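Hi everyone, thanks for making time this morning. I'd like to walk you through a protein model, so please have the picture up while I talk.

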Amino acid sequence: MEHVAIDDVDVQINPMEVHSVRKPVSDALGTTDFAMNYFELEPGESFSGGLHTHHDQEEVFYVESGTATFDVTTDREQVVVDERELIRFAPGEFQTGYNEGDEPVVGWAFGAPASRHDWDALQSYAYCPECEEERVQDVALAEGRFELTCTECGNVQG
């Protein structure tokens, strides 16, 4: 049995620095088969920083307070998730969530079946300067920063 208070969990910021408060609760609890992250998003901040998918993990987001907006699919269809609502993404579904309002958002991200992502199973949908349009990009973490490789032309950004 493990027990932790949110206030006692250290803040760990995404390498893209897209939010000011992210607390990896699953690390503090020592989970291996379940990921849980607590977020406080100021206006303009996001959960992840870009449209992406996890081929190895489904994700559920719970908005405790405020209103979050999610871009879903590569067409960037928007879904608004209000306070006390949830949204689920199956493995392979592209999504990104953010605070486009004027008030803070407090939310949670839950993932399974693992507490850590397999980097080979993570892809982003981002602009490729070589293709001159948005494309699916393989994601790697190199020296603490994200590196994107276009699956269409092989261009590497990082």
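What you see is a predicted model, where local features need pLDDT of at least 70, side-chain atom pairs count only at pLDDT 80 or more, and totals for chains, interfaces and linings use all residues. Residues are numbered from 1 along each chain as its sequence is written, and side-chain values use heavy atoms, with hydrogens and water left out.

First, the overall picture. Reading from the N terminus, the order is β-α-β-β-β-β-β-β-β-β-β-β-β-β. The radius of gyration is 16 Å, close to the 15 Å from the globule rule for 158 residues, so the protein is as compact as a globular protein of that length. That radius is taken over C-alpha atoms, and the rule is 2.2 Å times the number of residues to the power 0.38. The C-alpha trace spans about 45 × 35 × 25 Å along its principal axes. Of the 158 residues, 41% are buried.

How do the strands pair? Two strands pair if DSSP finds at least two bridges between them. Strand 4 runs antiparallel to strand 9, joined by seven bridges, and V63 sits opposite G107 in strand 9. Strand 4 also pairs with strand 7 in the antiparallel sense, over five bridges. There, E59 has F89 in strand 7 as its bridge partner.

Now to the inside. A nonpolar core here is a set of buried Ala, Val, Leu, Ile, Met, Phe, Trp, Tyr and Cys residues joined through side-chain atoms within 4.5 Å. Which residues touch the most other members of the largest core? Among its 13 residues, they are F47, F61, A68, F70, I87 and F89. Strand 2 (35-41), strand 4 (58-65), strand 5 (67-72), strand 7 and strand 9 (105-112) each supply at least two residues of this core. The largest share, three residues, comes from strand 5.

Have a look at A68. Leaving out residues up to four places away in sequence, A68 touches F47, V63, V79, V80, V81, Y98 and V105, where contact means heavy atoms within 4.5 Å. There is also a second, separate core of seven residues, including V21, V25, Y38 and W108.

On to the aromatics. A pair of aromatic rings is described by the distance of the centres and the angle of the planes. Rings of Phe, Tyr and Trp (its six-membered ring) pair if their centres lie within 6.5 Å; planes under 30 degrees apart count as stacked, over 60 as edge-to-face and the rest as tilted. The structure holds 10 aromatic pairs. In one of them, the ring centres of F39 and F47 are 5.0 Å apart with the planes at 85°, so this pair is edge-to-face. F39 counts as buried, at 4% relative accessibility, and F47 is buried too, at 5%. Another edge-to-face pair is F94 with Y125, at 6.0 Å centre to centre and 65° between the planes. F94 lies in the loop between strand 7 (85-89) and strand 8 (95-98), while Y125 is in strand 10 (residues 122-128), so the pair ties together parts that are 31 residues apart in sequence. Both F94 and Y125 are buried. Finally, F39, F47, F61, F70 and F89 form one aromatic cluster.

Last, some backbone details. Most residues other than glycine have a negative phi, and most peptide bonds are trans. Here, the peptide bond from A112 to P113 is cis, with omega near 25°, and P113 lies in the loop between strand 9 and strand 10. T73, in the loop between strand 5 and strand 6 (77-82), has a positive phi near 70°. At 37% relative accessibility, T73 counts as partly exposed. E132 also has a positive phi, near 60°, and lies in the loop between strand 10 and strand 11 (133-142). With a relative accessible area of 61%, E132 is exposed.

Terms used
Buried means under 20% relative accessible area, exposed over 50%, partly exposed in between (1.4 Å probe, protein chains only). Helices (H or I, at least four residues) and strands (E, at least two) are DSSP runs, numbered from the N terminus.
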